[in-house]
Amino acid sequence: MSGKVMVKGTEAIAEAAIRAGCRLYFGYPITPQSELPEYMARRMPEKEVNGVFLQAESEVAAVNMIYGAACTGKRSLTSTSSPGFSLMQESMSYLAGAELPAVFVNVVRGGPGLGDIQPAQCDYFQATKGGGHGDYRLLVYGPESLQEAVELTVKAFDKADKYRNPVLLLADGLLGQMMEPVEFPDFSNLEKLEKHSSWALQGTELERKAHKVTSFNIDPVGLEKMNLNLQKKYAEMEKNEKMYEEYMMDDAEVVIVSYGTIGRIAKSVAKMARNKGIKAGVFRPITLWPFPYAELAKWAKKETKLFFTVEMSAGQMIEDVRLAVEGRCPVKFYGRMGGMVPTPTEIFDKLMELV
Amino acid sequence: MGNRITDHKVHIFVGMFGSGKTEAAINFSIRMRNIFDKVSIADIDIISPYFRTRDKAEFLENKDIKVILPPKIYLNADLPIISPAVGGYISNPEYKIILDVGGNDDGIMVIGSLNNFLQNADAAVYFVINTMRPFTDSEEKISSHIDRLSQKARINVNYLICNTNIVEQTSQGDLTLGEKMVMRVSQNKNIPVAFTMVNEDRKDLQTLNERFEIKRFMKTEW
């Protein structure tokens, strides 16, 4: 008997968050991730969980509820899809500025504007370069499968606590909607989670000075110091948190670079290419920020004929691929937009044209 | 599959979200087309954004199964549209019709809107159960969902379908445990089990109920 269950991507992330010790969910429905709040609405009130689900009146309200909840140092989660995540950007910057731990999920759909409800990867810039104002960074994970989404959700909460920083799970609509067998980790012991008692707003009992959580400093010297501390923290994250997968890369002459669902499709493409005698491999960034520049740059050597970036966008991550390759090898692109998911054959045909 | 089941005029597949209703409905419509000349399937799922019967419309039309969908320009709209043709085909004595209904309370509500047509029709309602899905992993939960959904749709469930699976990783133990759970629900609620769904390439799996071999249509291309 397996310990596995059959779940949708949105359900997998929701249950993983609960297992990670999240008992506070605030959100607003939007396709293709509405099953996530729906799951939380059913699950949070269950005795075994004993958490809070609250449907906010908008994404703006939801993100500010997260701000409030995160001020107490408790694990909190919200989820949305592209237009909803845009609405949250002002507070993302505030959360990063105030160094608050919280986990966000963006199940990306076709844009810009209202767009459509089909899968896309067109929010990469917003996720990795900062959709809000100011010099801030989010730790961004891009899972390729539901099992990986479960593991990264748990990790997201741990890292949010460790760095006191918002963490984003960037999934496309397909990952949110597809069903796969998944095994969940055990429930975390809530007593053993980071308490954040040195800074969080948990009541003074009249025994200590009140803590203050803010991103506000009217003294430029002070604000620069705060920024320098943030940058130091981001440098730590860059040093410690990079994640990526290399697939059939040992002798690869063609490096397909893709993330998320497309990273998975790219593996089928690499196999097809190898059947035709082309030595293709896949480099799949798992953390989109910090991007594994040095690890990818390692493959920009004379044996490598081509870097081939495939995305469900007009070409966003390709800018980071170019930064890593630094002009040492050709970097080509294939992408679909507006909710169109490329098939392995379609990508393979494009690759054959290029080689 | 006994004649009694296929003889019904209308076949309605309901259940919880992600239980395999669309797979059941598509495979059942193909089975029906092998027996009857005029078979139609209506996608009245108003809640699923992806992986729907409409995504396989061309395939089914090629099999000479009439697929009833919302107007083409609204196929990907996040709107609860039920084609007026659904009522027409339920009333049309020439056609057998299969209804693929959306999951959960919100999905099944549309059945209520077809009440006028269904009242006098010879309809069979199937409740599809995957015991390896959250919220339908115990007898009590399944029973309470059957009660609530029947009430919402103003219909009675006539048959249960066991669709216990975690796709290709399903073990014999998983399946037997699931079938036994569904059979206990069947006994308590006095609703017969129509069949157990098994992937056509899983000849190794033994079933306790009648076996309905299916092809999976709602899958990704890689």
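## A walk through the two-chain model

At 1.5 Å a residue, the 16 residues of H10(A) should span 22 Å, and because its end C-alpha atoms are 24 Å apart, the two values agree; the expected span is 1.5 Å times one less than the number of residues in the helix. The model is predicted, so local features need pLDDT of at least 70 and side-chain atom pairs count only at pLDDT 80 or more, while totals for chains, interfaces and linings use all residues. Residues are numbered from 1 along each chain as its sequence is written, and chains are lettered from A and ligands numbered from 1 in the order in which they are written. Helices (H or I, at least four residues) and strands (E, at least two) are DSSP runs, numbered from the N terminus.

The buried residues of helix H10(A) include Gly260(A), Ile262(A), Ile265(A), Val269(A) and Ala273(A), and also the charged-named pair Arg264(A) and Lys267(A). A residue is called buried if 20 or more other C-beta atoms lie within 10 Å of its own, exposed if 12 or fewer, and partly exposed in between, with C-beta atoms placed from the backbone. Just after this helix, Gly277(A) takes a positive phi of about 85°.

The contact between the chains takes 23 residues from chain A and 21 residues from chain B, two residues being in contact if their C-beta atoms, placed from the backbone, lie within 7 Å. On the side of chain A that touches chain B, strand E1 (5-8), strand E8 (179-182) and helix H10 (260-275) each supply at least two residues, and the largest share, four residues, comes from E1(A). The residues of this side divide into 11 nonpolar, six polar and six charged, where Ala, Val, Leu, Ile, Met, Phe, Trp, Tyr, Cys and Pro count as nonpolar, Asp, Glu, Lys and Arg as charged, and the others, Gly among them, as polar.

Within chain A there are domain 1 (5-199 + 232-236) and domain 2 (244-354), with bounds that come from an automatic or database domain assignment. The C-alpha centres of these two domains of chain A lie 27 Å apart, and 26 residues of domain 1 are in contact with 21 residues of domain 2. On the domain 1 side, helix H6 (124-129), strand E6 (139-141), strand E7 (166-172) and helix H8 (173-177) of chain A each supply at least two residues, and H6(A) gives the most, with four residues.

Chain A also holds an open sheet of seven strands, in the order E3-E2-E4-E5-E7-E6-E12, with mixed pairing; two strands pair if DSSP finds at least two bridges between them. Strand E3 (52-55) and strand E12 (287-289) of chain A stand at the edges, each with a single partner strand, so one side of each is left without a neighbour in the sheet. Inside the sheet, strand E4 (residues 76-80) and strand E5 (residues 102-108) of chain A pair in the parallel sense over four bridges, and Thr80(A) stands opposite Asn106(A) in E5(A). Helix H1 (residues 9-19) of chain A packs on the sheet, touching E4, E5 and E7 of chain A, and its direction makes about 175° with that of E5(A); axes are lines fitted to C-alpha atoms, for helices over the stretch in contact, and angles run from 0 to 180 degrees between N-to-C directions.

In chain B, Lys96(B) has its place in strand E4 (residues 96-101) and is buried, with 24 other C-beta atoms within 10 Å.
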